[in-house]
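This report describes a predicted model.

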Amino acid sequence: MSQDLFGKAEPVAPLAEGLRPKSLDEVVGQEHLLGPGKPLRLAFESGRPHSMILWGPPGSGKTTLARLMARAFNAEFVALSAVFSGVKEIREAVAAAQARLEQFGRRTILFVDEVHRFNKAQQDAFLPYVEQGLIIFVGATTENPSFEVNSALLSRATVYVLEPLSEKHLATLLDRTGLPLDGSASARLIGFADGDARRLLNAVEILKNTGHTPIDGAFVEQTLAKNLRRFDKGGEQFYDQISALHKSVRGSNADASLYWFVRMLDGGADPRYIGRRLVRMAVEDVGLADPRALGVALEACETYERLGSPEGELALAQAVVYLAVAAKSNAIYEAYNSARAFVSRDGTRPVPLHIRNAPTRLMKDLGYGRDYRYAHDEEGAYAAGESYFPEGMPAVEWYKPTGRGVEARIRERMEQMRRLDAEAKNK
């Protein structure tokens, strides 16, 4: 804390804020957008601001670019967070922007952080004001806007894709901090940052506040011990831990599964990534032994998207435990791989005439769909003895259900259908 003229303590800006670039030339990275003749550089130089969506990982410079836009175009910078804001806050920001434009002729850049967290109605609330040119909309997202931003808003904004900062970029940023470091400390910090400028600067600030010199790799690791449980740059620790989680779920050990789940969260893993892996486990290792598992995993992912951290992590934990204790089957996984291997080696076999679609008279005259047996008209809704494979294809039985969970009933049904097929062929 510093002091003002009256001796009162004043907050000191975080290092990340103090080192925020004041011009495009000070920006580290994103040369594909900001280099000479590149899209964002041209947009800044044109003098004509436009609405945009900045899509990139954390710490890649999305907020910085929005602030530089406001500076370049002498516009008011107003920030909203989709985590804490709703339609009410949007309307208030727009009303202030309109008053500012009418009174001072000054435009407003409305920066919306984590815009993907707004629902469709909230995103739609921006549309009329973007169309009127009342606000210059700048949305920031770490998620693919094709899936997370509604098409109406997407059509009115240019999408710019930002990249994680390279080790070279991070080294440049580290030099600007003036922190005395030896080579091992620099390498450790750059690896810890993993492309995220904000994470790097926050770590530097922690080290600066210790007042310790010299700073070597051992001191960095000791001081940032908790944060350095994050996964190493090469990814080995990351993949070791996701492997441990997957194998614990497959092995039906709920406690071990929870342990590795929490370890990954504590190490900084993206909960969305863990959610995607849980969906994979549901189809690969549980399968039809418990068809509800896939729904549980998908609903946990959706719940996390709605609640975020830390509340949404409980839904993922629930899915972890459910998958661990569920009946297991990899029969679908094995069947799918077998079918893929066969098709990759096999030639292109024609579809049998009797199961081809026949939307025209010519196709019907050619025999398309002739002699097709409509299963619902057959006893038990099963056309015993009917073939659906191409002619001449060898008999296959790729899917072999286990005797566990729901799959036990599926196996019984399949065995019954095979008996009916055999009886039909012997008639």
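## Confidence

Mean pLDDT by element is lowest in strand β1 (residues 2-3), at 44, and highest in helix α18 (residues 311-325), at 95. The stretch of residues 1-9 has pLDDT below 50. In the model this stretch makes 12 contacts beyond near neighbours in sequence.

For the chain, the mean pLDDT is 86. A value of 70 or more is reached by 94% of the residues.

## Overall form

The chain holds 21 helices and 7 strands. Its radius of gyration is 29 Å, whereas the globule rule gives 22 Å for 427 residues; the chain is therefore more spread out than a compact globule. The C-alpha trace spans about 105 × 55 × 40 Å along the principal axes.

Buried residues make up 40% of the 427 in the chain. The accessible surface amounts to about 23,900 Å², and carbon and sulfur atoms account for 52% of that area. When contacts between residues at least 6 apart in sequence are considered, 69% of them join residues at least 24 apart.

## Backbone geometry

Most peptide bonds are trans, and most residues other than glycine have a negative phi.

The peptide bond from S309 to P310 is cis, with omega near 0 degrees. P310 sits in the loop between α17 and α18.

D371, which is not a glycine, has a positive phi of about 70 degrees. D371 belongs to the loop between α20 (361-365) and α21 (406-426). Its relative accessibility is 64%, and D371 counts as exposed because the cut-off for that class is over 50%. A381 is found in the loop between α20 and α21, and its phi is also positive, near 55 degrees, in a residue other than glycine. With a relative accessible area of 40%, A381 is partly exposed, since this class lies between the 20% limit for buried and the 50% limit for exposed.

## A nonpolar surface patch

Which residues make the nonpolar surface patch of about 220 Å²? The patch is made by V283, L294 and L298.

L294 is part of helix α17, which covers residues 292-307. The relative accessible area of L294 is 31%, so L294 is partly exposed.

Conventions. Residues are numbered from 1 along each chain as its sequence is written. This is a predicted model: local features need pLDDT of at least 70, side-chain atom pairs count only at pLDDT 80 or more; totals for chains, interfaces and linings use all residues. Side-chain values use heavy atoms; hydrogens and water are left out. Patches are made of residues with over 30% relative accessible area and no salt bridge: like charges are joined within 9 Å, nonpolar side chains (Val, Leu, Ile, Met, Phe, Trp, Tyr) within 5 Å. Accessible areas come from the Shrake-Rupley method with a 1.4 Å probe; for residues, only the protein chains shown count as cover. A salt bridge is a side-chain nitrogen of Lys or Arg within 4 Å of a carboxyl oxygen of Asp or Glu. Helices (H or I, at least four residues) and strands (E, at least two) are DSSP runs, numbered from the N terminus. Buried means under 20% relative accessible area, exposed over 50%, partly exposed in between (1.4 Å probe, protein chains only). The radius of gyration is taken over C-alpha atoms; the globule rule is 2.2 Å times the number of residues to the power 0.38. Contact means heavy atoms within 4.5 Å. pLDDT is the predictor's confidence in each residue, from 0 to 100.
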